[in-house]
Each structure stands twice: as structure tokens, then as C-alpha cells.
Amino acid sequence: MAKEKTTFTCTECGGTSPRWLGKCPACGAWNTLIESVAEAGPGKNRYSGSQFAGLAQAQVVMPLSAIEASDVERTPSGIDELDRVLGGGIVEGGVVLIGGDPGIGKSTLLLQALDALQRAGLPTLYVTGEESGAQVALRSRRLGLDHSQVNVLAEIQLEKILATIESMQPAVAVIDSIQTVYSDQLTSAPGSVAQVRECAAHLTRCAKASGVAIVLVGHVTKEGALAGPRVLEHMVDTVLYFEGDTHSQFRLVRAIKNRFGAVNEIGVFAMTEKGLKGVTNPSAIFLSQHSEPVPGSCVMVTLEGTRPLLVEIQALVDSGGPSPRRLSVGLDKDRLAMLLAVLHRHAGVACMDQDVFVNAVGGVRISEPAADLAVMLSITSSLRGKALPRGFLAFGEVGLAGEVRPAPRGQERLKEAAKLGFSVAVVPKANAPKKPIEGLTIHAVERVEEAMNVVRGLG
């Protein structure tokens, strides 16, 4: 028997090589080539089929001004926080890819959403490739979804799934998960790069041709990225990531890409015995409850998409050895080292021989530079052992020259803080409101040393 011909495929870009290489020749990524069985013969056209017939019609070339453009209609999923992340609801013919660690709640959330849509009178389909129909039914009983009419299909063959979608025409179909689906047109195993890419392409074409909204559940690698080729993220309309510790009660759903809404929007959920429940006031999660102000704690207002969130930044400065450590959780470690250098050069606060630990409370990750001022104030508060005043907050980007730069949409941040009872704010001068905000005393600063002097005066 002749040996099957094998090729090596890159998990990042999907490029192929006849032999194994340490570096992918197509995208330059290291250690991403995996062995797969080469396809025998040309095979069928990957985009043929009756479900794609409508796309084969010739399209005329038109200028942009002549093309009719109307807002896409959205169907609320019945879960407000999920709708917020999706940009207002599920779009007809939209394809959503959702990833996250095992056991974090992907299947639970989607089953709840499908049940809410079904109760609203929309036909739904849940395709499970990892569990049997009985296991899905047991989960629905645990979640309290009694007498649910969600249609369940336990199938992993792509052609049967497409035939079921074409015959049923559901409003929303969930594929759990895309790594378990395989196509008869390919000889490689389910979960391989070729199978994932091919199945996702067929399901995306099906969604666009039929108007069925399809949600794909994706596995993640140990680094936290979606498993399979990166081309998968480019095929779909929306990419959502589940974040949070499985040992914690709270989960964050973050939009990384969204063709129909804002990116970096987040939805906050609490895991309960009856499934995931939306959290209406997420700032309460990210603020520690201190009976009295403590040293090393400073509150800032961060923007997640369109939502201002109050997050507590905590710092601990302790005497270190000959090589002091700099550790940050939820914030960029390199930026912390830069801020410590600015603090020394422009504010005269030296931490060369100190261990510095910085943490964003609640497991949230802050990537925007508007956290700089709050990080610096929490570090100096811990170093001096003096707490910042009650009801104090700060935000602003700090430059290498010691200047405090404005943060985007500063008025919204200040109004959110005032609404939650904060009374004193140190902000960049460009973010100072023209009209005073009731109950909030605002100190506008231009440089780091000004901010330090203001805080000393308040203490």
C-alpha cells in the first residue's frame, strides 16, 4: 500500500510546506507547522453547491453613491449584556466566532440566548459536536430552562449540518464547536487547519446566502488565542472572547472585531446556579470595599467600548533586594517600568531599590494609557504609607517629559464618577469641564509634579 502524501500546514496563516520547517515560509511564525494529509486529487470546488447559487450571479460595478445603504436590522438575543457586545443584537446573516477557556460558560451563554430567542417566537438550532443531545438537555434542566423548544442536532459532518440548516431555515444556528466539524471533501481529521478553514468558509457562505445568523464556538490555545488559522477571524463578522478566571464568579465577554458595532465593547456576567446573569453596574465589581481609605489604592475611570467603568488600581511598594521586581496584573509591565522612571526623573520619587507590585482589581485588563496617572498616584501613596482621600479618583496619560496628556471622552468619565458618589478628581487640564459638575471637585493638572503637589495638599 502506497504511503499517503503529507504536507505541513501553518496554524497561524494556513500556508503549506512540503517538509517541516522551524519557521513558516509564508508568515514567518516559529513552531507553527503541523503535519496533515495532503488532499488526493483536485476534489470538488470548495464553494460549489446549491446553497451558494445566489452568489454566482454577475454583479455590476457601481459607484458608492449609487448603492443603497440602510442600517442592518438587529434581533435582540434576550440577554442585554450580550446585545451590548454584539452592538445591539444579532444581525441577519451575520457570523459570530466566540472563544474562551474550557468551562468558562460559552455553551451555557449560547443555550440561554437560544432559549430566549425561541421563546420570542424565532426558530433556533443548536448543533452539538462535543456532547450528546441528552447532555445538552441535562444542562438546560440545570439552568431552569423548562419546556425549552430549542432544536438540537448532534452531528459533526458538515454536509448534514448544511442540509439541516437549509431545510429548517432557523433564525440563529449555533455550531458547538467548529473544531469538531469535518467535511467529506477533505481527508484530514476534524480540528486540523484545513478542516477548520474549509468548514468555516462553507458555513459563512451559507449564512450570507440564506440569511441565517450562525454562531461558531472556537477552542483556544494555552496562550489564550483562538485555535486554528488566523484566517478564521478574518472570515467572520464578529469575534468575541470570554475572559475571567473559572474560580471567579464574574465573566467578561469582549468584542475583538465587530463589523456591525463598536470593538472593545465588554459585557459583564455573573455565573450563578441558573446560568450567566448580566451585571448592570459592573463598577461595583472592580472597586474594593474598604471601610476606611488605605495606602496604595487609587480609583480611575477606564473606557471599555462605549461604557465608562470605575476600576481600582492597587500598588504595593516594599523594600527589595539588589534586583528589585516590577510586577503588574491587568496592566502592561513595560509601561510600569516607564512610569517608575518618569516618577523618579520628574517628581523626585525614587523606587530603584523597591519591589513594586501593581494590580487592577476584579481581574479586568486595562490597555489604555489613561491609567498612567492613577498608577503613579497609587505607587506614591503606598511608598509614603498615606492613603488618598475618600472619594478620590484620577485618570490621564503621562508622557516621558512628565506632561499629563488628556484621555478621550473625559466628560463622560467624570459624569460617571459623580453619579457613583466620587467627590475629588485629578485630571488633565484638557479634560477639565467648562461647566462644574455637581458634587465633584476637579483639580486640572498639566504635569506630574503638579499632580503630586495637589495630592499632598489634599492629604
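Reader: If angles under 35 degrees count as roughly parallel, over 145 as roughly antiparallel, 65 to 115 as roughly perpendicular and the rest as oblique, how do H7 and H10 lie to each other?

Author: This is a predicted model, where local features need pLDDT of at least 70 and side-chain atom pairs pLDDT 80 or more, while totals for chains, interfaces and linings use all residues. Residues are numbered from 1 along each chain as its sequence is written, and side-chain values use heavy atoms, without hydrogens or water. Helices H7 (residues 333–347) and H10 (residues 448–458) pack at about 80° with axes 9 Å apart, and they are therefore roughly perpendicular. Helices are DSSP runs of H or I of at least four residues, numbered from the N terminus; axes are lines fitted to C-alpha atoms over the stretch in contact, with angles from 0 to 180 degrees between N-to-C directions.

Reader: Which residues of H7 and H10 meet?

Author: With contact meaning heavy atoms within 4.5 Å, Val342, Leu343, His346 and Ala347 of H7 meet Val448, Glu449 and Met452 of H10.

Reader: Switching to H8, is it enclosed or open?

Author: H8 is largely enclosed by the rest of the structure, because 11 of its 13 residues are buried, which means under 20% relative accessible area with a 1.4 Å probe, counting protein chains only. Among them are Leu373, Met376 and Ile379.

Reader: And what comes after H8?

Author: Gly385 follows H8, and its phi is positive, near 75°.

Reader: How much of the whole chain is buried?

Author: Of the 459 residues in the protein chain, 48% are buried.

Terms used:
Buried < 20%, exposed > 50% of the residue type's maximum accessible area, 1.4 Å probe, protein only. Helix = DSSP H or I, 4+ residues; strand = E, 2+ residues; numbered from the N terminus.
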